[in-house]
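This briefing concerns the assembly shown below.

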Amino acid sequence: MKKFVALLLAAMMLLSVTAIASADEEMRVAMITDVGTITDQSFNQTTYEAAKAWCDENGVDFTYYQPATDTDADRIAMIDKAVDEGYNVILMPGYKFGPAIGGVQEEYSDIKFIALDVGEGDLGGAQLGPNVYCAVYQEELCGYMAGYAAVKLGYTHLGFLGGMAVPAVIRYGFGFVQGVNQAAVDMGIADQVTVEYAYGNQFFGDADITGVMDTWYQSLGVQVVFACGGGIYTSAAEAAQKVENGKVIGVDVDQSAIIDGTYGEGMTVTSAMKGLGATVKTLLSEIKAGNFAAFGGKVETLGLVGENPEDNYVGIPADTTQFVEGVFGPNDYLALVAAMFAGDVQVSNAIDAMPAVTVTVNDRGKIK
Amino acid sequence: MILLIQYTVVFTSVLMLVALGGCFSEHSGVINIGLEGIMVFGALGGALVMRYLPDGTMGVVVVMACVLAAMLAGAIYSLLLAVAAINFKADQTLVGTAMNLLGTAAATVLVKAVNTAADPNNPSATIAYGSKRGAFQIVSGMEFSWLAVLAVILLVLSYFLLYKTKFGLRLMSCGEHPQASASVGINVYKMRYAGVLMSGMLGGLGGLVYITAGVSEWKFENGVAGFGFLALAVMIFGGWKPFRIALAALLFGVFRSLSNVYHGLSGIEISIAIAICVALLALFAYKCYKDKKVNIPLMVVAVASVALPFLVVALEVTFPPELYNMLPYIISLIVLVIFSKNSAAPKAEGIPYDQGTR
Amino acid sequence: MKIGRAIVGILCVAFAVYLYATAQPLAITLIVLALGIGIIASARNQKGARTPLLKQQAVQTIIASLGCILLGLLIGYIVLLIINPDGAWKALSTILENFWSFSSQRGQIKNFGNTLAKTVPLLMCALSVLFSYKVGLFNIGAAGQYVAGAGVAIYFAIALKMPWWVCMLAAMLAGAALAAISGVLKATRNVNEVISGIMLNWICLYLVNMLLVPCQDINMSETFSLKKGYPQAVIPTLGLNELFNNHQYITIAVPMAILIALLIWYIMTKTKLGYELRATGLNKDAAKYAGMKGRTNIILTMAISGALAGLGASMLYLTDMAKWPSAVAAVPGMGFNGIAAAFLGGLHPIGAVFSSFFIQHITDGGSFMEKIYPAEIASLVSSVIIYMCAFVLYFRQTMTKAVDNRIERRHAALVSNVRGTIRGELEDDFRSVVHDELEKSRPHPVSLDKPAARTPEEAPAPKPAEPQADEPVRPVRMPSFDLDDDWEPLSGDSDEDTDGEKKEKKKDKKDKKDKKDKKDKKSKKGGSDK
């Protein structure tokens, strides 16, 4: 009898908990692109795919909006529209949403906003309300790791091909340069290492960019290029394909599957990843569970959480990086992460000027 | 150096094909500003065929199928201009502008629809060619494409068609004085249709060459990045004559590829490039001089302005990168200034043909 | 002024405004508005004979433009249906409704403000294009002049810290200078202005990118926000934005743009300069022979066009609504959309106001559309509409022909009636004359009740066929031996007459003829000499 009563009480508690949870209005998620499309192979696409996957799994309504022009007014108009259509969780990827947040957070105090890649500086001094969560990634850390690994693995002539010179890409690039520099200094070959540095000024590849890449690989002798900008990796990979042992470093996600699959096995040395997709899924799950209050009002800088790369938001893939035991293996990578987490390794995230380094950096500016 | 040549060939063939297309259309009397749109659609036709051909088809078959598809798609799209300008006497510049805007939008919508139908999780406007791009390369690993050979063949064919056949001469007469042609019994409408359709075919092929150069997939929301307008400049630069258009395209191609590969070239190679460009321009100028239509001092200025950027690069004076981007346009403008005074444009172009007028 | 009709028309327009304010369906509001305007227009007193409604240029242009729009929307609808039939209608209505698709009044007004603020630069570009088109020049360089205006305005605002009106002036001058280059090249060296415009577009884009490097905020990858850092450069609102719920970007630029449209209309139609410019555009040689300075006019026109485009750019960027990104790879599309708006508005400044609003309206509406359709559908629809605009001339010719045909047919029916009557009388007379002659020449006159034989001199007075304006065959006139015969000349109507007057003249002639016939008949029957 007692057991039965206990069970009954437990069941009632469970029911009441779920009842409270479902008393909240039904969650409907909308994403607003910053100005690009959801197929830009960059953070818009990552956010879209992660959110769509999560919503499909959990049976939640999901849609996206694309602003008509690249203005704050239009981004806010899309937010208005999303709210008007009844969406109560708005995902906003991109630093461009910074100014918009100040305008909408008070007006829509019961709508939850998740702003990714939006940092303190982007907000322009506005104070965050409890219904907004901002996350910014320390891309310079994974750029650093990629550069460090590349030089350790023996590459001495590297290249950086950014998409457009936006803050996230600049952080990747400057981090990369710092990583290259540190590894070169550690190995004592700083005078032999060169980095070619350029922005393609677009997020897709075409004949012009491939021409530049061909020059790097064939005429200048670049061995590996960090292609950091959406679809621009296609040009780098094309050019790499033409030379023997041409290599590429991927960005945002583990791109080895895509690049190797299309252009040739073993082309991707590593990728500088940031956990954008993971963040989206985590946040959406937390909102569903009703824990948004723990995140609201915060501007989190997501980088290293611990010594275990699995927990971190930035890193290089543990399974597909072309580690070489004895030269730079998985344990060396773990050691690097630990050193960075402990603060022994400092990576600057300033984006106003190229970091001062000892290796040679040829800044070629914008290709187009 | 070999890179310079490769990319020069690539850009030259694109510009030459599209400019030849525009040339045919204008010779028949219809101004064709919509070359961008035609390029996009031709590229779309070729890309779709490439995507749907099974892997492992013979190289020849791939090339022929894609070329035919690109030409067909371009011709169909140019019908928009033909019908509007010839049957409905619309303003040709406006129709051309509308076709440019429409081309990118329509191509993007089409590709997205196709992609979503194949895989609902793929809303992108990208078409990936897969391994079939290799069919175009003569030497694997270099950007020499069979399409460039085709472009040269078409150039020679165009010259013969325009100047050595009855059809060509009649076509040109329709653009110079359609009423006189009509009085001799030439069906001006049919001739103009032929001119516009040929511009569609050549423009479409040019689009295909552009998107297969250097990449294995193409995002159609980007259109063709302004190449159509550059081809218009080439056409005018070339004075509506096929071989001069080829020279002009060569010049532009050298510039464009130089702006991409110059930092891999040594001083000697750049000097060679200068010499070639100056020689080309001198050849061009000589042809114009033979027609006694040019001003010698201005020509010297033109040659000097062309040689100057190369000298700058050779002497390793650094300029902001945007200057290199601007160079093709500045040079075209200077050349236009010099050579437009006695323009050889077809006299009746842009004027809708009306049988009733005299 | 027909008072009754005018009052009804004004009431209709007022009703339309009321419908608009209470956010009733757009279609009904527009229909009522159009009805009201039409009624007011028809209430005017027309001097002389009225041209038929459908032959008036303004009406033709409006109908043609509406036809373009409807066709474009229809094609867009078909494309939507093909992609995904469910939701096609909803998507199309979202495109058309734009801000009305919001459920709250606030949202509607705010987004109406957005659309209005973005209409301003589009309107200015449209004015720029149509102004130069009237002189026969296709200012495709409007996009580059727009870029130049934007760059200079932002530079003056941020780097030189000038107040807003100085920035606007600078933008105007920059646009004018750029366009003047095209104009000078065209006037002196006969360089095709389309090509020089395109080249200058790209050159200008790169130059502006270089110019604005010191004005870039590295954190945002675009120029600094004017409102925050340089408020003296922001165009003042003078309280206008309160009409739109304190919309941030509605400034005096909006009424300024409309005033400029009116100014352009005034210049083009009511000033000597405008007359000269239009004359040069219609026939350059004739204008030259008349003493108008062709070269100066071309350069001046291009300069004004460029100034308009540059001013339009400053009106957008100085409201801080848009900022110049640090990496602009292609020429902004505003200049090309201006071409579209110019043609859709029938190349008339007032029409351009409505057409630019419409184009911006559907562009914004497209961004609100359901995402089962690609976002590019909206630009597809607007491109199709622009393509259809090229057929405006054809529509107008068709309408003119249709009206002319209808008048022709009515006229022909009238004429054949008259002819039939006259021929009938003629035949009767002829038969009777022949019969008389036959009778006279018979050896034994048959005595029947017949009128007295007539002398051959009394041949019936010739009845000239009434003059046919389009009659290819001239009727043979029977000779009259009596010089006193009053007859009418066979000359046709002069071509300047309008159809109405032609009809009236013919009616008069017909009346006269009837009267004359009656007179002749009487004289014949009476047998009296004339």
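Which residue forms a salt bridge with Arg256(B), and how far apart are the closest N and O atoms? The partner is Asp208(A), and the closest N and O atoms of the pair are 2.7 Å apart. The model is a predicted one.

**Interface of chain A and chain B**

- Chain A contributes 32 residues to this contact and chain B contributes 27 residues.
- About 2,500 Å² is buried between chain A and chain B, with 52% of that area on carbon and sulfur atoms.
- The salt bridge count between these two chains is one, and Asp208(A) with Arg256(B) forms such a bridge.
- Seven residue pairs are found in polar contact across the interface of chain A and chain B, both residues being at pLDDT 80 or more.
- On the side of chain A that touches chain B, at least two residues each are supplied by helix 2 (43-58), helix 8 (207-220), helix 9 (233-242) and strand 13 (360-366) of chain A.
- Helix 8 of chain A gives the most to that side, namely eleven residues.
- By class, the side of chain A that touches chain B consists of ten nonpolar, twelve polar and ten charged residues.

**Interface of chain B and chain C**

- Here 40 residues of chain B are in contact with 40 residues of chain C.
- Chain B and chain C bury about 3,800 Å² between them, and 79% of this lies on carbon and sulfur atoms.
- One salt bridge is counted between chain B and chain C; Lys112(B) forms a salt bridge with Glu376(C), with 3.2 Å between the closest N and O atoms.
- Three residue pairs are in polar contact between chain B and chain C, both residues at pLDDT 80 or more.
- Helix 3 (59-87), helix 4 (92-118), helix 9 (227-237) and helix 13 (321-339) of chain B each provide at least two residues of the side of chain B that touches chain C.
- Helix 4 of chain B accounts for the largest share of that side, with twelve residues.
- The side of chain B that touches chain C comprises 27 nonpolar, eight polar and five charged residues.

**Nonpolar cores**

- The largest nonpolar core holds 233 residues, of which Phe220(B), Leu127(C), Met315(C) and Trp324(C) touch the most other members.
- Helix 1 (residues 2-27) of chain B provides the largest share of this core, 14 residues.
- Another core, of 53 residues, lies apart from the largest one and includes Leu153(A), Val195(A), Tyr333(A) and Val337(A).
- Beyond its neighbours within four places in sequence, Trp324(C) is in contact with residues including Val147(C), Ile154(C), Leu212(C), Gln216(C), Glu222(C), Tyr317(C) and Pro332(C).

- Val253(A) is located in the loop between strand 9 (247-252) and helix 10 (256-263) of chain A.
- Why does Val253(A) count as partly exposed? The classification applies because the relative accessibility of Val253(A) is 35%, and the partly exposed class lies between under 20% for buried and over 50% for exposed.
- Leaving out residues up to four places away in sequence, Val253(A) touches Thr46(A), Ser271(A) and Met273(A).
- Val253(A) and Phe43(A) are separated by 210 residues in sequence, and their C-alpha atoms are 10.0 Å apart in space.

How values were computed:
Residues numbered from 1 in each chain as written. Chains lettered and ligands numbered in written order. Predicted model: local features only at pLDDT ≥ 70, side-chain atom pairs only at ≥ 80, totals over all residues. Heavy atoms only, no water. Core = buried A, V, L, I, M, F, W, Y, C linked by side-chain atoms within 4.5 Å. Buried < 20%, exposed > 50% of the residue type's maximum accessible area, 1.4 Å probe, protein only. Helix = DSSP H or I, 4+ residues; strand = E, 2+ residues; numbered from the N terminus. Contact = heavy atoms within 4.5 Å. Buried area = accessible area lost by both parts, 1.4 Å probe. Salt bridge = Lys/Arg side-chain N within 4 Å of Asp/Glu carboxyl O. Polar contact = N/O pair within 3.5 Å; in protein donor to acceptor, adjacent residues only side chain to side chain. Nonpolar A, V, L, I, M, F, W, Y, C, P; charged D, E, K, R; others polar.
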